[in-house]
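This report describes one protein chain. Please keep the sequence and the model in view while reading.

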Amino acid sequence: MNVAMFAVDLWCEMQGILPPMNELNGKRIVLGLTGGIACYKAAELCRAMAKEGATVQVVMSAAAEQFITPVTLQALSGRTVYSSQWDAREANNMAHINLSREADAILIAPCSADFMAKLLHGGADDLPSLLCLARPFQQVPLLLAPAMNREMWSHPATQRNVAQLRADGATLLDVGSGDQACGESGDGRMLEPEEILQDLIAFFSPKTLAGQHVLVTAGPTYEAIDPVRGITNLSSGKMGFAIARAAREAGAQVTMIAGPVSLPTPRGVARHDVRSACEMLDATLAVAPAATIFIATAAVADWRPTSSCEHKIKKDGSGQLPELRFVENPDVLAAVARLPRAQSGELFCVGFAAESHDLLANAQAKRERKKVPLLVGNIGPTTFGQDDNTLLLVDAHGATELPRASKRLLARQLIVEIARRLTA
Ligand code: CTP
C-alpha cells in the first residue's frame, strides 16, 4: 500500500467509515500501447488504473513511441516500460513470457487496426503482439480498446477481424463516436480513460446477476407549479446510480429511470430521463414487463400541484398569496409491486425507505404496506447528497445492517444481497 492510500485508510478509520474501494487492488495489468493518436489517453488510463490499486506494467510498440514517450508512462506507472522483445533487463531475455505469466489481464489501449490484423493471424514480430500470442489464453484475458479513423473502423476487413478476435476469446471494448483527430467525425475513437476503467472493473466483477434485467428508479422528481418553479427534494441520485452501475457490473442488463439529476450515466446502462412522478410511473411501467428485478431508489415527490400554471405566477403588489392545491402522486413502487409478475415472484421488487427516525419500525411497516420482499431503510437527512450511507435491509426474516460505507460499496453489497435472495 502506498503512503497516500495508507493516509486515506487511517482517516476513514478515525471517522468510523469504511475506506473507499481501490477497485483494482492487487490486479496486475499489462497495458499495451500500439500506434495511434489515442496514446495520449493511455497516459490518463495508466494513472487511473494505478490510482485504483492496480500494478500497471506498460508495454509499447515502436509505433506507439511515435505518439508518446516511455518516460511519461514510466512516471505514471512507477515501472520501467518494455518496448523490445530483446530487452536484456530480463535475466532469461524473455520479456514476453515473464510479463504475460505475471498478468491478471492484458489490456491493449489504444489497439490499432494494424495490431488487430496482426493478432488475428497470430503475428508476433514485436513485444506487444508476441506477449499476446505467448499468454496462457485460458488464464490471462485479453482486452482490446480499438482506436482508429472511422473509415478504418467500418472497413469490412476491420469488422471481420473484430468478429474473429471475439470468437478467439478476446474482449473487444466499444469504440466512441464523435470528432476525430483527423478532422472527420464518426465511430472509431478510443473510449475515454474513465470509460475503459469502468469496463475493466466490470470485467473483473463476479457475474452474480447474469441473465437478469434490472430496472432502477433514481433521483428526485420535480413537480411544476409554473414554468419557472416547482417542488422537489434533496435526493442526489447517487445511490440509485451506484446501484445501476453495480448491477451492470454483476452482468445484468440495466435500465434506469432517472429524475432530474446531472450525474453521468454509468457504462452500459440504458437511461430514460423523466421529470415528474407521473412521467416516472409511465416510463417504469413501460419497462417493467421485461424486467426481472425492480429497485425503487427514487425519492418520488409525494404530492404535485393540482395544476401547473401555463405562465409564471406574478405578484400583483396586493400582498395576496397564491393559492396552491395539491394532489397525491402515484406510488411507482406500489404500482409495480401490484403487477402479476411481481406477485408471482417473476419480478423481484426492492423498495427504499427514506426516514427521519425509528428506522427499523418504519421500514418494516413500509415493506408490508408496499408488499415488497425486500426494503432498504436509510435516514434521509443524513444521506441525501452524501457519498456515503448506512443501509438497513428488512425482509420477511428480519433486519440486517450494512454499516456506513461509500454508496459505491453499499451498492455492490446490496446487489450481492439481492442475488443471494434470488438463488435462495
Ligand atoms: N415510492 C414510489 N412512488 C412514490 C413514493 C415512494 O415509488 N410516489 C417508492 C420510493 O422509491 C421508495 C419507497 O417507495 O422505494 C418508499 O419511499 P418513501 O419516500 O420512503 O416513502 P413514502 O411511500 O413516500 O411514504 P412516507 O413519505 O409516508 O414515508
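## Basis and overall architecture

The model is predicted, so local features require pLDDT of at least 70 and side-chain atom pairs count only at pLDDT 80 or more, whereas totals for chains, interfaces and linings use all residues. Residues are numbered from 1 along each chain as its sequence is written, and side-chain values use heavy atoms, with hydrogens and water left out.

The protein chain holds 16 helices and 19 strands; these are DSSP runs numbered from the N terminus, helices being H or I of at least four residues and strands E of at least two. Its C-alpha atoms fill a box of roughly 80 × 50 × 45 Å along the principal axes. Of the 424 residues, 50% count as buried, where buried means under 20% relative accessible area, exposed over 50% and partly exposed in between, with a 1.4 Å probe and protein chains only. Among contacts (heavy atoms within 4.5 Å) with a separation of 6 or more, 67% join residues 24 or more positions apart.

## The five-stranded sheet

An open sheet of 5 strands runs in the order E2-E1-E3-E4-E5 with parallel pairing; two strands pair if DSSP finds at least two bridges between them. Strands E2 (55-60) and E5 (171-172) are the edges, each pairing on one side only. Strand E1 (residues 28-33) pairs with E2 in the parallel sense over 6 bridges, and Val56 in E2 is the bridge partner of Ile29.

Helix H2 (residues 39-51) packs on this sheet, touching E1, E2 and strand E3 (105-111), and its direction makes about 175° with that of E1. Angles run from 0 to 180 degrees between N-to-C directions, the axes being lines fitted to C-alpha atoms, for helices over the stretch in contact. Helix H6 (residues 127-134) lies across E1, E2, E3 and strand E4 (142-146), at about 120° to E2.

## The eight-stranded sheet

A second open sheet has 8 strands in the order E12-E11-E8-E13-E16-E17-E18-E19, with mixed pairing. Strands E12 (269-273) and E19 (398-406) have a single partner strand each, so one side of each lacks a neighbour in the sheet. Neighbouring strands are turned by 20° against each other on average, direction ignored.

Strands E8 (residues 213-218) and E11 (residues 253-258) pair in the parallel sense over 6 bridges, with Ala258 in E11 as the bridge partner of Ala218. Helix H16 (residues 407-423) packs on the sheet, touching E13, E16, E17, E18 and E19, and its direction makes about 150° with that of E19.

## Domains and their interface

An automatic or database domain assignment divides the chain into domain 1 (20-204) and domain 2 (213-303 + 325-423). Their centres, taken over C-alpha atoms, are 37 Å apart. The contact takes 9 residues from domain 1 and 8 residues from domain 2.

About 850 Å² is buried between the domains, with carbon and sulfur atoms giving 45%; buried area is the accessible area (1.4 Å probe) that two parts lose on being put together, summed over both. Met21, Gln198 and Ala202 supply 55% of the area that domain 1 buries against domain 2, more than any other three residues. Across the interface there are 6 salt bridges, each a side-chain nitrogen of Lys or Arg within 4 Å of a carboxyl oxygen of Asp or Glu.

## Phe384

Phe384 lies in the loop between helix H15 (380-383) and strand E18 (388-395). Phe384 is partly exposed, with a relative accessible area of 28%. Beyond its neighbours within four places in sequence, Phe384 contacts Asn233, Leu234, Ser235, Ala299 and Ala354. Met239 is 145 residues from Phe384 in sequence and 9.1 Å away in space, C-alpha to C-alpha.
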